[in-house]
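Here is a short briefing on one protein chain.

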Amino acid sequence: MRISVGDKVEVFFTRDVGVVTRFLDQETAIVMIDDDEIPVFIGHLELLVSKNPKKKAPSKKPLNAKELKELKDHTVNQIKEMGLNTHLQNIPDNGIHLALQPYYHPDLTIDYFLIHLINDCGK
């Protein structure tokens with residue numbers, strides 16, 4: 001479930017109940033618990049569903065295979081209309097590689113590595 005500012009939440013590990021006051025980043029929320037604001041990872045929070053029908057989580061029925069394929073095709077067409085292609089034509093994709101080039105001491109022990117990121121995803 002999505003957590004937003006003002007939602008009542010419970011912290012998994014301590015079972016403390018509080019209210020989300022703001023977000024620090026995409027992974028961390030500030031929760032007000034007993035007049036103290038503490039940062040908590042969003043993954044460690046459980047949304048408490050209130051009795052208010054406006055705050056009820058929407059129930060979705062699972063998609064069948066045909067609906068899922070139609071949704072996927074619609075999304076692919078939208079991406080292509082934006083000018084973003086998911087597959088490049090006639091260009092081999094060899095992926096991204098990490099190469100380590102060692103530098104040696106005079107006694108032939110490794111001093112350090114020079115790291116290279118090689119992008120061979122279709123030049």
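Buried means under 20% relative accessible area, exposed means over 50%, and partly exposed lies in between, with a 1.4 Å probe and protein chains only. By that cut-off leucine 117 is exposed, because its relative accessible area is 65%. The model is predicted: local features need pLDDT of at least 70, side-chain atom pairs count only at pLDDT 80 or more, and totals for chains, interfaces and linings use all residues. Residues are numbered from 1 along each chain as its sequence is written, and side-chain values use heavy atoms, with hydrogens and water left out.

**Overall fold**

- Helices (H or I, at least four residues) and strands (E, at least two) are DSSP runs, numbered from the N terminus.
- Along the sequence, the pattern reads β-β-β-β-β-α-β-β.
- The chain has 123 residues, and 11% of them count as buried.

**Strand pairing**

- Two strands pair if DSSP finds at least two bridges between them.
- Strand β1 (residues 8–11) pairs with strand β2 (residues 17–23) in the antiparallel sense, over three bridges.
- Valine 9 has glycine 18 in β2 as its bridge partner.
- β1 and β2 make a hairpin with five residues between them. Arginine 15 sits in that turn and has a positive phi of about 60°.
- β2 also runs antiparallel to strand β3 (residues 28–33), and four bridges join them.
- Arginine 22 has isoleucine 30 in β3 as its bridge partner.
- β2 and β3 form a hairpin as well, with four residues between them.

**Salt bridges**

- Side chains of opposite charge can pair when their charged atoms come close.
- A salt bridge here is a side-chain nitrogen of Lys or Arg within 4 Å of a carboxyl oxygen of Asp or Glu. The structure holds four salt bridges.
- Which residues does the salt-bridge network link? Glu10, Arg15 and Glu46 are its members.
- Glutamate 10 bridges to arginine 15, with the closest N and O atoms 3.6 Å apart. Glutamate 10 counts as buried because its relative accessible area is 15%.
- Arginine 15 counts as partly exposed, at 47% relative accessibility.
- Glutamate 46 also bridges to arginine 15, with the closest N and O atoms 3.8 Å apart. This pair links distant parts of the chain: glutamate 46 is in strand β5 (residues 45–47), arginine 15 is in the loop between β1 and β2, and they are 31 residues apart.
- Glutamate 46 is partly exposed, with a relative accessible area of 33%.
- Glutamate 37 and arginine 22 meet through their side chains in a salt bridge of 3.2 Å, N to O. That pair also links distant parts of the chain: glutamate 37 is in strand β4, arginine 22 is in strand β2, and they are 15 residues apart.
- Glutamate 37 is partly exposed, with a relative accessible area of 41%. Arginine 22 is partly exposed, at 41% relative accessibility.

**Surface patches**

- Patches are made of residues with over 30% relative accessible area and no salt bridge. Like charges are joined within 9 Å, and nonpolar side chains (Val, Leu, Ile, Met, Phe, Trp, Tyr) within 5 Å.
- Accessible areas come from the Shrake-Rupley method with a 1.4 Å probe, and for residues only the protein chains shown count as cover.
- A nonpolar surface patch is formed by Ile96, Leu98, Leu100, Tyr104, Leu108, Ile110, Phe113, Ile115 and Leu117. Together they have about 1,000 Å² of accessible area.
- β6 (96–104) and β7 (110–119) each supply at least two residues of the nonpolar patch. Leucine 117 is found in strand β7.
- A patch of negative charge gathers Asp16, Asp34, Asp35 and Asp36 on the surface. Lys and Arg count as positive, Asp and Glu as negative, and His and the chain ends are not counted. The place of a charge is NZ of Lys, CZ of Arg, CG of Asp or CD of Glu.
- Is aspartate 35 buried or exposed? Aspartate 35 counts as exposed because its relative accessibility is 74%. Aspartate 35 lies in the loop between β3 and β4 (36–41).

- Leucine 114 lies in strand β7 and counts as partly exposed at 34% relative accessibility.
- Leucine 114 and glutamine 101 are 13 residues apart in sequence and 5.0 Å apart in space, C-alpha to C-alpha.
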